[in-house]
Amino acid sequence: MNSIGASYKPDATGTDPKQTGSVPSLKLNDGNEIPMIGYGLGTANYKKGQDSKLDQRIIDNTITAIKAGYIHLDGAEAYNNEEELGIAIKKSGVPREKLFVTTKTSCSPGVTVEQAFNVSLKKLGLDYVDLYLIHSPFWAKSPKDLQEKWAEMETIKESGRARSIGVSNYIQEHLEATLETARIPPAINQIEFHPYLQHGDLLEYQRKKNIAVAAYGPLTAITKAAPGPVDGIYKSLATKYGVTEAEIALRWTLDLGIVALTTSSNEQRLKSFLRDLPSFKLTPKEVEEIAEAGKKKHFRVFWTHAIAPDDRR
Ligand SMILES: NC(=O)c1ccc[n+]([C@@H]2O[C@H](COP(=O)([O-])OP(=O)(O)OC[C@H]3O[C@@H](n4cnc5c(N)ncnc54)[C@H](OP(=O)(O)O)[C@@H]3O)[C@@H](O)[C@H]2O)c1
């Protein structure tokens with residue numbers, strides 16, 4: 001079964017979405033649903049320093065994305081642009097309840113999750129977020145630190161002000177430590193994920209534990225790591241399906257059952273992603289071919305100060 005309009009919904013166990021008329025959403029372990037393509041407020045939209053002046057470019061880019069149909073918006077305290085995101089949401093004219101808004105806590109020393117969350121909500125001008133994440137585990141000195149922070153996240157979820165809670169940049173040992181004491185398991189782990197960084201057994205572990213994966217940097221093989229072993233495969237599949245190589249990279253992510261977070265300042269590119277991605281699907285053999293070729297190269301863009309260069313987890 002691979003027909004347009006199939007009612008089947010993917011979930012965190014790794015089953016891939018069917019071809020559908022629009023961008024699919026994935027069912028999280030808490031019953032909520034996350035749209036499988038998200039627009040990122042980091043990287044190209046990141047605001048440097050602690051400048052409190054609003055950056056109109058970020059507001060405009062984000063309004064363009066929302067109007068183009070991006071309902072999943074990936075923000076963070078660390079991107080220093082939650083105010084811009086909040087303004088864009090209001091100005092877009094799209095009702096709040098139709099959007100899926102994520103933000104993340106930096107876990108700064110001496111700041112509780114409750115405090116960080118309240119600041120984020122205020123900056124966003126919202127009374128709830130759809131997903132709240134611990135941005136990274138690298139501040140923690142021990143498993144206990146991660147467990148205590150997670151307990152604070154659970155309190156936020158229980159208050160109803162974050163519909164789902166999760167983590168980011170965790171490897172298996174961080175998830176294991178968290179799950180040891182968690183009352184509510186993380187719904188998702190947002191990680192750098194592309195053919196040149198597939199994280200060994202992490203996906204399989206998360207599928208078993210029903211923790212969804214969101215991929216940031218899904219276009220890395222094209223934008224930052226070329227030339228490389230997947231170039232030829234992307235190219236021939238792009239010709240086969242009549243789409244761009246970037247769309248092959250994003251569809252590969254979706255066909256692994258992974259949420260893809262991208263960003264673009266190019267309205268046409270944003271629109272064509274939403275138009276083209278639901279309209280085709282890679283075969284299992286093609287998905288495998290990209291994965292296998294990708295394993296011949298290792299490349300990581302983010303958090304390289306915290307992770308050893310040869311660490312592929
Ligand atoms: N949790 C974390 O630690 C973490 C870390 C990093 C990122 N993230 C999240 O993930 C989001 C996406 O990350 P990302 O920007 O690395 O994603 P990406 O999808 O890999 O890259 C998007 C960038 O690629 C460019 N691009 C798109 N298509 C292209 C093409 N065909 N040729 C050349 N350039 C092209 C875009 O620029 P144009 O404007 O030219 O289209 C855009 O700047 C971030 O915004 C953030 O929300 C999270």
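The model is predicted: local features need pLDDT of at least 70, side-chain atom pairs count only at pLDDT 80 or more, and totals for chains, interfaces and linings use all residues. Residues are numbered from 1 along each chain as its sequence is written, and side-chain values use heavy atoms, leaving out hydrogens and water. Helices (H or I, at least four residues) and strands (E, at least two) are DSSP runs, numbered from the N terminus.

**Strand 9**
- Five of the five residues of strand 9 (residues 212–216) are buried, so the rest of the structure largely encloses this strand. Buried means under 20% relative accessible area, with a 1.4 Å probe and protein chains only.
- Ala212, Ala214 and Tyr216 point one way, and Val213 and Ala215 point the other way.

**Strand partners**
- Strand 8 (residues 188–192) pairs with strand 9 in the parallel sense over five bridges; pairing takes at least two DSSP bridges. Asn189 stands opposite Val213.
- From strand 8 the chain crosses through helix 6 (residues 202–209) to strand 9, in a right-handed β-α-β crossover. Right-handed means that, with the strands pointing away from the viewer, the path from the first strand over the helix to the second runs clockwise.
- Strand 10 (residues 259–262) also pairs with strand 9 in the parallel sense, over three bridges. Here Tyr216 stands opposite Leu261.

**Helices 3 and 4**
- Helix 3 (residues 113–124) packs on helix 4 (residues 143–158) at about 45 degrees, with axes 9 Å apart. Axes are lines fitted to C-alpha atoms over the stretch in contact, and angles run from 0 to 180 degrees between N-to-C directions.
- The two helices are therefore oblique to each other, a class left after under 35 degrees (roughly parallel), over 145 (roughly antiparallel) and 65 to 115 (roughly perpendicular).
- Val113, Glu114 and Phe117 of helix 3 meet Lys149, Glu152, Met153 and Ile156 of helix 4; contact means heavy atoms within 4.5 Å.

Terms used. Buried means under 20% relative accessible area, exposed over 50%, partly exposed in between (1.4 Å probe, protein chains only).
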